[in-house]
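Here is a short briefing for a first look. Keep the sequence and the 3D view open as you read.

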Amino acid sequence: MAEDFIPLEIELVDKHVVRYKTTRQSLVSAIQRNIVQMNNIKEEEEYLNNPKSVANMTLSPTENKPLNPSITQSSGQFFREDSGRISIDQIGSKYKAKPHSVIFRPKMFLRYFVIRLIFNHLGPLILLYGLFSNEWLNFCKNLGYWGFNKRVLYTYGRLFQNIAIILCFVFYPFNDCTNYYIYMYIIANLLECVAIAIKLSFYHLSKQNLIMKYDMEQVGNYVEKCVDADEWVIQSDETIQEEIKSSMERQQVEETSFVAFFMIDPHEEMMKKIDGHQIMTEKYKQTNDKFIGDAKLMMKEVITFANNNDCWRKYIAIALILAVIRLSINVLLELINHNEMNPLLSILGKSQSLFYYFTIICFMLFTYRDLNTKVFCLSQISHLVSGQKVEAYEETKLFPTLNLLCITSLVSWVNMRKVFLDYGLQFTKRLTYIVSFIMILNLITLLGCFILFYLKLTTMTTTFFVSIDFIIVAIFFIMIVLQGARINDHFGIHKGLLRKNLFVLQQLAIQAFITPEYQFTPTDYIFKALSEIIIAVKEKGYIEENQLQSYITFALSSIENVYNDLDFYEKDKPYMVLGIAMTYKLVLSIVISVGGVVITWLFNMFILQK
């Protein structure tokens with residue numbers, strides 16, 4: 001379409017050749033220009049009729065200043081013509097991505113990594129540049145380097161700890177234990193800088209621009225309604241709603257048709273929470289008294305139920321207990337070996353070791369919790385198309401089975417599945433990047449320690465702790481990839497359930513073709529419920545007899561299309577964990593590989609010790 005040009009002048013070259021001249025604008029460009037003109041006329045008429053309806057957008061809720069005119073340019077300048085082709089240039093090429101998109105930006109990662117690394121050693125000296133630029137002070141305040149709040153106190157607490165440890169390294173003699181604390185200092189600061197840089201590098205460029213220039217306490221989430229990653233662990237109702245909304249935008253889900261019809265009505269308490277009649281038209285409400293479930297509210301209830309039954313405080317407690325146990329073993333070994341150590345360096349080094357170990361365990365446990373929540377959500381998706389009754393000892397079934405004859409419910413089921421897989425994408429990606437770095441860092445540390453131990457440049461105690469750290473991290477890593485395999489396994493589970501429902505509908509279609517005297521009395525739960533629905537539809541006159549067969553055929557083809565769609569995503573676009581499409585076979589290979597590395601390392605360590 002963009003290559004079709006408007007002929008202006010036709011030139012007759014000879015009897016068989018016709019040459020025509022064209023404008024530089026395409027048909028699409030002409031259509032777009034007309035649309036822009038009509039929109040401008042409509043906006044002018046609206047303003048003339050009601051001037052108060054057009055309000056100026058402001059950057060700050062406290063200041064009523066209009067935006068820069070370059071930002072509020074007409075939509076006609078949004079499109080740029082280039083030899084008859086249309087290209088989008090939305091206020092510069094750096095704003096092409098949508099604000100709710102989740103993209104890792106290496107340049108931003110390097111910028112924040114270097115800034116954090118400099119601050120960890122120079123501290124407030126980097127604030128001196130704020131004497132020449134007020135934007136730099138706002139930028140430092142947003143990063144927690146300036147102001148008075150919990151994050152600033154934590155940042156400067158870590159800074160003073162690093163300075164004290166460096167002074168101890170400078171003024172006190174080195175020994176074997178000092179080497180271990182140098183190692184802990186390097187990896188702890190490296191992990192902290194990488195984690196903060198990864199957290200900030202996923203923000204949209206429009207948000208990056210605000211972080212670098214304005215005080216976020218005043219600007220807020222003006223461009224991008226993005227929940228802070230620090231709040232993700234708690235997941236309040238507002239956080240859940242915002243992230244579901246972002247996932248629906250990424251998956252292009254139409255909210256007005258995002259409803260579900262059930263075989264039977266849910267219990268009264270749940271009906272009040274997921275009632276979807278408010279999004280239906282008034283005419284529909286008057287002609288249909290069947291309960292409608294709002295799929296958006298259904299997803300919120302599933303996620304809330306999963307979070308309440310898997311409290312984040314439990315993982316904090318586990319990480320703290322493991323960190324304290326590791327610290328206790330460290331102190332015990334130092335007492336047994338009678339290691340001479342400066343008391344100040346010993347206290348600072350142990351506190352940094354405790355901080356490092358607690359941090360990495362928290363990152364890995366929260367990643368596991370996020371993926372475990374997805375597994376629970378996909379299990380509820382399975383229950384929505386499963387006719388089997390859930391026993392008391394199995395997983396809770398929050399909602400009844402969907403009406404499989406309703407195509408709207410089937411489409412909503414597919415969209416719910418997509419949104420659940422996408423839910424928390426920006427936070428899950430951040431955590432998986434950090435976990436991948438932790439695993440790589442521990443593997444490099446293990447290999448480095450092996451070389452130092454072979455050269456007799458490190459002690460048995462340091463080697464023991466590095467080995468234990470790697471084993472613990474490897475165990476949590478395997479737990480995470482196992483959740484990824486469980487998520488991808490639900491592709492097969494859902495396909496099996498759809499295939500079973502397809503067979504049930506085929507039997508129901510046979511019932512519709514034969515005469516009543518040859519029909520049999522159904523005993524299966526789903527078959528009986530669908531038969532009753534068809535009888536009720538006939539009696540109320542919602543569908544005629546001659547239309548029933550066509551509708552059932554349409555329902556069969558719809559389920560088959562969903563089945564084929566799942567098959568495509570299972571093969572070509574599976575769920576990625578740590579950048580890998582996990583399966584049970586792949587998890588088994590990872591377990592064998594990690595086990596081989598640990599056994600080989602311990603075997604060589606004991607041989608070299610002899």
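A residue is called buried when its relative accessible area is under 20%, exposed when that value is over 50%, and partly exposed in between. Phenylalanine 113, at 17%, is therefore buried. The model is predicted. The points below cover aromatic rings, a surface patch, cysteines, charges over rings, and a few single residues.

**Aromatic rings**

- There are 17 aromatic pairs in the structure.
- One of them joins phenylalanine 109 and phenylalanine 113: the ring centres are 6.1 Å apart and the planes meet at 20°, so this pair is stacked.
- Both residues belong to helix H2. Four residues separate them, which is about one turn of the helix.
- Phenylalanine 109 is buried because its relative accessible area is 17%. Phenylalanine 113 is buried too, with a relative accessible area of 17%.
- Tyrosine 129 and tryptophan 136 make an edge-to-face pair, because their planes stand at 85° with the ring centres 5.5 Å apart. Planes over 60 degrees apart count as edge-to-face, while those under 30 degrees apart count as stacked.
- Ring pairs also build a cluster. Its members are Phe104, Phe109, Phe113, Phe202 and Tyr433.

**A nonpolar surface patch**

- Which residues form a nonpolar patch on the surface? They are Val114, Ile118, Leu122, Leu125, Leu128, Tyr129, Leu131 and Phe132.
- Together they have about 880 Å² of accessible area.
- Phenylalanine 132 lies in the loop between helix H2 (106–122) and helix H3 (134–143).
- Phenylalanine 132 has a relative accessibility of 70%, so it counts as exposed.

**Cysteines**

- How many disulfides does the structure hold? It holds zero.
- Cysteine 140 is buried, because its relative accessibility is 1%.
- Cysteine 193 has a relative accessible area of 0%, so it is buried.

**Charges over rings**

- Arginine 430 places its charged end over the ring of tyrosine 203. The distance to the ring centre is 4.8 Å.
- Lysine 495 has its charged end over the ring of tyrosine 563. Here the distance to the centre is 5.7 Å.

**Positive phi angles**

- Glutamine 235 is not a glycine, yet its phi is positive, near 55°.
- Glutamine 235 sits in the loop between helix H7 (216–219) and helix H8 (237–250).
- Is glutamine 235 buried or exposed? Its relative accessibility is 7%, so glutamine 235 counts as buried.
- Leucine 578, also not a glycine, has a positive phi of about 60°.
- Leucine 578 is in the loop between strand S9 (576–577) and strand S10 (580–581).
- Leucine 578 counts as buried because its relative accessibility is 16%.

**A contact across the chain**

- Valine 411 is part of helix H14 (residues 407–422).
- Valine 411 has a relative accessible area of 44%, so it is partly exposed.
- Along the chain, valine 411 and serine 257 are 154 residues apart. Their C-alpha atoms are separated by 9.0 Å.

Key
Residues numbered from 1 in each chain as written. Predicted model: local features only at pLDDT ≥ 70, side-chain atom pairs only at ≥ 80, totals over all residues. Heavy atoms only, no water. Patch = residues over 30% accessible without salt bridge, like charges linked within 9 Å, V, L, I, M, F, W, Y side chains within 5 Å. Areas by Shrake-Rupley, 256 points an atom, 1.4 Å probe, with all protein chains shown as cover. Salt bridge = Lys/Arg side-chain N within 4 Å of Asp/Glu carboxyl O. Helix = DSSP H or I, 4+ residues; strand = E, 2+ residues; numbered from the N terminus. Buried < 20%, exposed > 50% of the residue type's maximum accessible area, 1.4 Å probe, protein only. Disulfide = S-S within 2.5 Å. Phe/Tyr/Trp six-rings, centres within 6.5 Å; stacked < 30°, edge-to-face > 60°. Lys NZ or Arg CZ within 6 Å of the ring centre and 35° of its normal.
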